[in-house]
Amino acid sequence: MTTTVGLVTTDTALVREHDPDTAVLLRALTEAGFRASAPVWHDPAVDWAAFDLLVIRSPWDYPERYAEFTGWLARVAGSTRILNAPELIHWNIDKRYLDDFRALDVPCVPYATGQPVSWDEEVLGFLHDEVAKTAELGRELGEYGAETPVPPDAPVLDRMLGLTGRDPYWARTPPA
């Protein structure tokens, strides 16, 4: 019997443009004798029970669809095996798991938590000027989004974020 493997993804342009590895992995799995596909996690037509194994590969739109994604994860976990385990996905879904690692002195990449922060204004001024010089190139390379309007008298950090397409006034809504 052939094992059916799904590499769970999404259908956003981000995946289509920046994930060349899924196609390579699908080909390798097929050559190794698996039946493999890359189903979109929010596609209602997918029969998740038909898969022997689902690998959470690139469902990169889950932060914007948190409740929908975690609901999907709970439903699908009841019908097939998922890697990483759903319990692990829930533990690390909002990146605060890095706090657990930091408590164990494991070096981690910084991340935003919404906590107050202070910056050296001279350093921020320098960074703003550098970002301003390279913002168009950043957009051409797809690293920056369209410039977000920010008042000219806004703090330097807010203006720098606006140059990169980030909204400095965005506030994360905690998961329910």
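The side chain of Arg-139 places a polar atom 3.3 Å from the backbone oxygen of Gly-145. The model in which this contact occurs is predicted. Arg-139 belongs to helix 6, which spans residues 121–140. When neighbours within four places in sequence are left aside, Arg-139 is in contact with Tyr-144, Gly-145, Ala-146, Glu-147 and Leu-163.

Val-156, which lies in helix 7, has a relative accessibility of 18% and counts as buried because the cut-off for burial is under 20%. With residues up to four places away in sequence not counted, Val-156 touches Glu-121, Leu-124, Gly-125 and His-128. The C-alpha atoms of Val-156 and Glu-122 are separated by 9.9 Å, and these two residues are 34 residues apart along the chain. After helix 7 comes Gly-165, which has a positive phi, near 90 degrees.

A further C-alpha separation was computed for Ala-23, a residue of helix 2 (residues 21–31). Ala-23 and Asp-94 are 71 residues apart along the chain, and their C-alpha atoms are separated by 27 Å. The relative accessibility of Ala-23 is 45%, so Ala-23 counts as partly exposed.

Aromatic pairs were examined next. A pair of aromatic rings is described by the distance of the centres and the angle of the planes. The structure holds nine such pairs. In one of them, Tyr-62 and Phe-69 are 5.3 Å apart centre to centre with 35 degrees between the planes, and the pair is tilted. Both partners count as buried, Tyr-62 at 17% relative accessibility and Phe-69 at 2%. The rings of Trp-91 and Tyr-97 also form a tilted pair, with centres 5.2 Å apart and planes at 50 degrees; the angle is neither under 30 nor over 60 degrees, so the pair is classed neither as stacked nor as edge-to-face. Here Trp-91 is partly exposed, with a relative accessible area of 36%, whereas Tyr-97 counts as buried at 17% relative accessibility. Tyr-62 and Phe-69 also belong to a cluster linked by ring pairs, together with Trp-41, Trp-48, Phe-51 and Trp-72.

The second largest pocket has a volume of about 210 Å³. Its lining consists of 13 residues, of which Ile-56, Tyr-62, Asn-84, Ile-89 and Asn-92 are the closest to the pocket centre. Two elements give two or more residues to this lining, namely strand 3 (53–58) and helix 4 (86–92). Strand 3 gives the most, with three residues. By class, the lining of the second largest pocket comprises nine nonpolar, two polar and two charged residues. Tyr-62 therefore connects two parts of this description, because this residue lines the pocket and its ring forms a tilted pair with Phe-69 while counting as buried at 17% relative accessibility.

Key
Residues are numbered from 1 along each chain as its sequence is written. This is a predicted model: local features need pLDDT of at least 70, side-chain atom pairs count only at pLDDT 80 or more; totals for chains, interfaces and linings use all residues. Side-chain values use heavy atoms; hydrogens and water are left out. On a 1 Å grid over the protein atoms alone, a cavity is a set of points where a 1.4 Å probe fits but cannot get out, and a pocket is an open set with protein on both sides within 12 Å along at least five of seven lines; lining residues have an atom within 4 Å of a point. Grid points are joined across faces, edges and corners, and a volume is the space filled by probe spheres set on the points. Helices (H or I, at least four residues) and strands (E, at least two) are DSSP runs, numbered from the N terminus. Ala, Val, Leu, Ile, Met, Phe, Trp, Tyr, Cys and Pro count as nonpolar, Asp, Glu, Lys and Arg as charged, and the others, Gly among them, as polar. Rings of Phe, Tyr and Trp (its six-membered ring) pair if their centres lie within 6.5 Å; planes under 30 degrees apart count as stacked, over 60 as edge-to-face and the rest as tilted. Buried means under 20% relative accessible area, exposed over 50%, partly exposed in between (1.4 Å probe, protein chains only). A polar contact is a pair of N or O atoms within 3.5 Å; within protein, one must be able to donate a hydrogen and the other to accept it, and residues adjacent in sequence count only if both atoms are side-chain atoms. Contact means heavy atoms within 4.5 Å.
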